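Open your viewer and get ready to click along. Each stop tells you what to select and what you will find there.

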Amino acid sequence: MTAINNSNANTDGRGSAPDFDAKVLEALLDIGGPDMREALSAQLIADFSRLQDGLKSGDAAVMSSAAHELKGLAATVGASRLAEMARSLDGIAKTLPQAARAVMAGALDREITVVLQSLSDAA
Amino acid sequence: MKPQAPASDTILLIEDTPSLQMIYKAALTRADYTVETCGTGNEGLAAFRRLKSNVVLLDLMLPDRAGLEVMREILASAPQTCVIVITANGSINKAVEMMRAGAHEFLVKPFDDQRLLAAIENARKALHHRPPAAHIDPNVQVLPPFIGHSPNMLAVYDKIRSVARSMATVFITGESGTGKELCAEAVHQESARSGGPFVALNCGAIPVDLLESEVFGHLRGSFTGAISDKLGAAAAADGGTLFLDEICEMDLNLQTKLLRFLQTSTITPVGATKPRKINVRIICATNRSPLEEVRQGRFREDLYYRLHVVPIHLPPLRDRGDDVNEIAENLVVQMAREEGHNFTGLSQRVRELFRGLPWPGNVRQLINVLRNVVVLNEGPMVAPEMLPPDLMVTMTRTKDAPEDDDARPALGDLAGRTLAQIERIVIDDALSRHNGSVPKAARELDVSASTLYRKLDAWSKAEQKL
């Protein structure tokens, strides 16, 4: 649970926040010692995958709920940009037209895939 | 063999994201706490009925029920429980609502394990120091050192008692002289932190350049004049309460640092490279409208929401019914004892007068009037002729005459003087009417306090040269 730092700042222009901070994730995976590392990695992958599915559902209420859960989880693992994107969607998911929701969900989907890859690498 | 801890020592964690559950539980287990986890509100309430946990970590958004609803059920059955609310960034307003409903503290994701453990420790300390319910006499409603039984003030006493048991930040508002510092001290005294220090800092009385060092401290050599290390007010209040009076006078840059301090519970003294963990409760006060200051861009909105968790508004003396006489009767006897005079109370005529006056300076003004009366008279009752002659004139004008913006001020002695001389006369006059308080004079003159400090400094330097 190390606080996020910006050591891995992304420069591709997709957002102001960095994409992922590997140091944060490393510290987090070590929090329960070696025995817990594998289980926590698997659970994080399961949680991010579940939220990714929720965002793909197209249902405004489900997407809003997934975005809300995602912003806290992403920030905790050091995925600052994903957290920022989820926060944007969380506030407006229920009022956004379906087409706009789909665009935002697509961007989030790509970002979650990046995070899932990082989680798999770290596991 | 280690004795088994009671079930109520088990920390109940109600969080619906399984991986976050694992992370928080691991951090707490590593610190030797026993933790039970639940993923829904209903499961959490069932576990609470079984364990009667003293400390509950509760996520704000649960799949089956709102966190607020769950917390209300917990507190209804066990009001002494310390509920620590976990919330995602961007849900501060909801967290504030939870604090008002009785939560002990809130944590914003992401938070580090140190922050989590500090919150748990604070909660456990609060439980340990909480006075047993049997010691609270429900008939005694007044909260010393306050005086007065008006319904307005009874509501204030109740609020002070309720908020004292939590870690919630308190934002006190009220006109000058209504007793904001007294209120802050009362919150501290009623809290589990009463054994710790109470440090008051008037943000308006310290020049902007020095304020950061006053709040966060500095290291020797960190700037010209820093001849030794200085412990700032935040560090001095570690384990207790930090009272920031006239918070709206705080420079915007420093507001940013205060916000960071509130978010991380760490301070970095001027010149230091490593932050230091601090455990303080913040109480702040202002005689302005904080929301208006936000609208005008003089106060950060995010800081406002962080600080404005439990607002307490102190009513002006004119709205407190007969409190004015109750306070005056108490004070006049106390002052007479100090001055060696023989006052025993107020005449009926004075009581009526006091009830009808608007008291723009509130209790502070009443104290000054009574001191004047007691020093210059022998007693035994305060009579109308003993009152300072300007009291009735000034106060009647304040009460009856609406401000006439079109009225032309008499030029009097100002005619023939330079603009700079007139400016100094006006500033000196404002300072003298506010007992030397630069922030108050600045407010009246509608300039910033730093402008007045700069002018005073320039005049002082000019006089030294002569």
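Start by colouring chain A and chain B separately and look across their interface: the rule finds zero salt bridges there. A salt bridge here is a side-chain nitrogen of Lys or Arg within 4 Å of a carboxyl oxygen of Asp or Glu. What does the interface have, then? 22 residues of chain A are in contact with 22 residues of chain B, where contact means heavy atoms within 4.5 Å. About 1800 Å² is buried between chain A and chain B, and carbon and sulfur atoms give 70% of that. Buried area is the accessible area (1.4 Å probe) that two parts lose on being put together, summed over both.

A word on the model before you move on: it is a predicted one, in which local features need pLDDT of at least 70 and side-chain atom pairs count only at pLDDT 80 or more, while totals for chains, interfaces and linings use all residues. Residues are numbered from 1 along each chain as its sequence is written, chains are lettered from A and ligands numbered from 1 in the order in which they are written, and side-chain values use heavy atoms, leaving out hydrogens and water.

**Stop two: a helix pair in chain A**

Select residues 34-56 of chain A, helix H2, and residues 98-122 of chain A, helix H5. Helices (H or I, at least four residues) and strands (E, at least two) are DSSP runs, numbered from the N terminus. H2(A) and H5(A) pack at an angle of about 170°, with their axes 10 Å apart. Axes are lines fitted to C-alpha atoms, for helices over the stretch in contact, and angles run from 0 to 180 degrees between N-to-C directions. That angle makes H2(A) roughly antiparallel to H5(A). Angles under 35 degrees count as roughly parallel, over 145 as roughly antiparallel, 65 to 115 as roughly perpendicular and the rest as oblique.

Now show side chains: among those in the contact are Leu44(A) and Phe48(A) of H2(A), and Leu108(A) and Ile112(A) of H5(A). The residues of this contact divide into 11 nonpolar, four polar and three charged. Ala, Val, Leu, Ile, Met, Phe, Trp, Tyr, Cys and Pro count as nonpolar, Asp, Glu, Lys and Arg as charged, and the others, Gly among them, as polar.

**Stop three: two helix pairs in chain B**

Pick residues 41-51 (helix H2) and 67-77 (helix H3) of chain B, which pack at about 15° with axes 10 Å apart. H2(B) is therefore roughly parallel to H3(B). Gly41(B), Leu45(B), Phe48(B) and Arg49(B) of H2(B) make the contact with Val70(B), Glu73(B), Ile74(B) and Ser77(B) of H3(B).

Next, select helix H17 (residues 419-433) and helix H18 (residues 438-445) of chain B, whose axes come within 8 Å and cross at roughly 125°. H17(B) and H18(B) are therefore oblique to each other. Their contact includes Val426(B) of H17(B) and Leu445(B) of H18(B), and its residues divide into seven nonpolar, no polar and two charged.

**Stop four: a salt bridge**

The structure holds 34 salt bridges over all chains. For one of them, select Asp238(B) and Arg276(B), whose side chains meet at 3.6 Å, N to O. Asp238(B) is in the loop between helix H9 and strand S8, and Arg276(B) is in strand S10, 38 residues apart.

Most residues other than glycine have a negative phi, and most peptide bonds are trans. Asp32(B), though not a glycine, has a positive phi of about 75°. Find Asp32(B) in the loop between helix H1 and strand S2 of chain B. Then go to the peptide bond from Lys109(B) to Pro110(B), which is cis, with omega near 0°. Pro110(B) is found in the loop between strand S5 and helix H5 of chain B.
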